[in-house]
Amino acid sequence: MCAFTEFWKHSKKIVCVGRNYAEHVKELGNDLPKKPIFFLKPTTAYIRSGEKIVTPPECEDLQHEIELGIVIKKVGKNIAESEAMDFVEGYALALDMTARDEQRAAKEARVPWTLAKMFDTSCPVGDFIPKEKVIDPHNLDIWLSVNGDMKQDSNTRHFIFRIPRLLSHVSKYITLEPGDLVLTGSPAGVSRVLPGDILKGGLKQNGEDLTSIEFIVS
């Protein structure tokens with residue numbers, strides 16, 4: 001049985017949705033997607049508070065992406081949008097750390113983003129948030145600062161694809177399992193980080209703090 005309060009110990013995969021905020025799509029020079037785009041990270045990408053983000057080998061442009069994560073409650077395949085929220089056990093705040101130079105090179109070479117997205121420590125994750133504590137996951141303020149300088153500041157109302165659509169689409173191709181984490185995409189404001197930088201992020205609901213994270217780049 002999955003202990004959801006420590007979902008990262010039981011998760012079998014991290015599903016990451018890309019290009020789900022229009023302003024982030026624009027800042028990276030991409031086209032708006034007509035359907036959800038997703039990729040995977042291995043569970044070796046997880047780190048928790050007190051552990052450090054390690055810059056991957058040969059990376060010269062490591063960037064932060066703050067994201068709302070969905071913790072999956074039960075096995076789901078071909079999930080109907082109308083039933084999708086029944087598969088949500090809770091939420092978590094996470095980072096999709098990205099080797100942006102590797103991603104650019106992969107795009108140019110038309111090869112997978114493996115080195116850019118799947119490296120160890122690329123998914124720092126915060127505490128589990130029970131579903132009942134979130135009034136509306138599509139109306140949460142989400143932010144990230146680097147060394148006290150606000151970099152990302154948005155709201156999940158700006159999703160291009162809402163959670164039911166994401167879970168329905170992903171589960172057509174990949175079975176979702178208890179404890180899996182689905183990241184819902186990053187808002188605009190991504191930037192390079194360097195060793196020693198302190199990354200702080202948070203979620204707010206109706207102006208009140210819901211959760212926060214803090215990680216250091218090594």
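In strand β6, Leu95 is the bridge partner of Ile66. Helices and strands here are DSSP runs numbered from the N terminus (H or I of at least four residues for helices, E of at least two for strands). The model is predicted: local features need pLDDT of at least 70 and side-chain atom pairs count only at pLDDT 80 or more, while totals for chains, interfaces and linings use all residues. Residues are numbered from 1 along each chain as its sequence is written, and side-chain values use heavy atoms, with hydrogens and water left out.

The strands β5 (residues 66–72) and β6 (residues 88–95) run antiparallel and are joined by seven bridges. Two strands pair if DSSP finds at least two bridges between them. Both strands belong to an open sheet of six strands, in the order β2-β1-β12-β5-β6-β9, and the pairing in this sheet is mixed. At its edges stand β2 (37–41) and β9 (129–130); each has a single partner strand, so one side of each is left without a neighbour in the sheet.

The aromatic rings come next. A pair of aromatic rings is described by the distance of the centres and the angle of the planes. Rings of Phe, Tyr and Trp (its six-membered ring) pair if their centres lie within 6.5 Å; planes under 30 degrees apart count as stacked, over 60 as edge-to-face and the rest as tilted. The structure holds five aromatic pairs. One of them is the edge-to-face pair of Phe7 and Trp8, at 5.1 Å centre to centre and 75° between the planes. Phe7 has a relative accessible area of 0% and is therefore buried (under 20% relative accessible area, with exposed over 50% and partly exposed in between; 1.4 Å probe, protein chains only). Trp8, at 15%, is buried too. Phe7 also forms an edge-to-face pair with Tyr46, with 6.2 Å between centres and 80° between planes. Phe7 lies in the segment before β1 (14–18) and Tyr46 in strand β3 (residues 46–47), so this pair ties together parts that are 39 residues apart in sequence.

Some rings have a charge over them (NZ of Lys or CZ of Arg within 6 Å of the ring centre and within 35 degrees of the ring normal). Lys74 lies over the face of Phe87, 4.8 Å from the ring centre.

Ser168 is placed in helix α4 (residues 163–173). Ser168 counts as buried because its relative accessibility is 9%. Apart from neighbours within four places in sequence, Ser168 is in contact (heavy atoms within 4.5 Å) with Ile79 and Glu81.
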